[in-house]
Structure formats: structure tokens, C-alpha cells
Amino acid sequence: MVTIMQLVDLPEDVMNRFGLEFLHEVRSCIFQKDIPKMTISGRIIGPFKSGSKVELPNWVIEVLLKEQIIEIDSQNEYESSRNLQNIHRAEERHPHKMQAIPPLLYQALCRKIARLQNDKTILDKRRYDEIERTQQMLPFLVQTRLSKILRIAKSGALQDMRNEMTLEERWLGEQLTSLLSDWRKELLE
């Protein structure tokens, strides 16, 4: 007798995988100081002058942010409090429409909060306020998006809405769509 093994992605494993994708995503950043040279993964890059715009992976950006050497280019700083507020407002204005948000937004927000909380020794009042605003807004955004994902999964419109979702939302939508489809099939057969 052959036993069939079914492998299932656990949410924790999926989130870890998306976290790795975020760390390898490349974004533009701007150097705030002159830097002669840097070695990244065995490769020497630089020198960089203050104001130089460079594309680097997020794992490098996180180290340079901690050292206050760079800032993320405002066009790529989708985890900023201002951007999060804009997304939240758009979600509230259109309760039945899934707004397009960056695919790695949740990962960026979680990493940003963790980074800011880990370095509270140099934080000023504005940073504390930013952490607090982000932490307060994130659950509202997640709840609003979750309602929409449930509606999309129930309607079977996931494929049409994939581009508007984060990676985590796509995974959840796929899981819900499959579960609902199997459930309907079992009830109606």
C-alpha cells in the first residue's frame, strides 16, 4: 500500500520565505555621508559621495540605515508612515475595492518596526511617534485587507486581483480559495 504524503506550507514558513524575498529585494537609497569603499558579499563597491543614489539589496540597506549612512529613496520607501497612511485612507474610501499595494509591504513594515525598536538608544521623539503610528495603523490595514481577501476568495476572483495584493495576501487568498472550493465540492456532491 502506497501512502500519499501531502506537504502543506505552514504560515510561519511562508512568512519566513517572504522575509527572505524582502531581504534580497533591491531598492534605491541615497548616501548621507561620503564613503570611500565597502565590501558587500566579497565585492568591493564605492566610493560614494553624499547624495549619491545607489540600488542595494534590503539586507545591505538595513545595515547602512542602522549606521545612519543612507536613507531609502522616498520613491522606494513604501513602508514610510506617510505611505501607510495614504494606503489606509484609500482602503477606507473604497471598502469594496482591493487597492494595489507593494508585494512586500508587510515584510518591510515588520522589519522597520523591529529595526527601530532594536535601536531605541538613539531614537528621538519623532522615531517613537513613527513606531507608534505604524504599530497602530498596521492592524487596521490588515483587518480591512483581510475582509477583502475573504470576499475575493469566496467569489473566485483571486486571479484577477493578484497584482493588487502583497505576497502574504496572495498566499492566503490561494489557501482560502482552495479550502472554499473543496468545501463546496464536498457539500454539493
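## Secondary structure and overall form

The protein comprises seven helices and five strands, where helices (H or I, at least four residues) and strands (E, at least two) are DSSP runs numbered from the N terminus. Read from the N terminus, the order of elements is α-β-β-β-β-α-β-α-α-α-α-α. The radius of gyration is 20 Å, well over the 16 Å given by the globule rule for 189 residues, so the protein is more spread out than a compact globule. That radius is taken over C-alpha atoms, and the rule is 2.2 Å times the number of residues to the power 0.38. Along the principal axes, the C-alpha atoms fill a box of roughly 70 × 50 × 30 Å.

The model is predicted: local features need pLDDT of at least 70 and side-chain atom pairs count only at pLDDT 80 or more, whereas totals for chains, interfaces and linings use all residues. Residues are numbered from 1 along each chain as its sequence is written, and side-chain values use heavy atoms, with hydrogens and water left out.

## Burial and contacts

Of the 189 residues, 38% count as buried; buried means under 20% relative accessible area, exposed over 50%, and partly exposed in between (1.4 Å probe, protein chains only). The protein exposes about 12400 Å², of which carbon and sulfur atoms supply 54%; accessible areas come from the Shrake-Rupley method with a 1.4 Å probe.

Among contacts (heavy atoms within 4.5 Å) with a separation of 6 or more, 66% are between residues 24 or more positions apart.

Helix 1 (residues 11-24) has 14 residues, which at 1.5 Å a residue should span 20 Å; its end C-alpha atoms are 20 Å apart, in agreement. The expected span is 1.5 Å times one less than the number of residues. The buried residues of helix 1 are Val14, Phe18, Gly19, Phe22 and Leu23. Their cover includes strand 1 (26-31), strand 4 (53-57), helix 2 (58-66), helix 4 and helix 7 (167-188).

Glutamine 107 lies in helix 4 and counts as buried because its relative accessibility is 11%. Leaving aside residues up to four places away in sequence, glutamine 107 touches Met15, Phe18, Gly19, Phe22 and Glu168.

## Helix 3

Ser81, Leu84, Ile87, His88, Ala90 and Glu91 are the buried residues of helix 3; they pack against helix 4 (105-118) and helix 5 (125-155).

## Cysteines

A search of the whole structure finds zero disulfides, a disulfide being a pair of cysteine sulfur atoms within 2.5 Å. Cysteine 29 is buried at 0% relative accessible area, whereas cysteine 110 is partly exposed at 45%.
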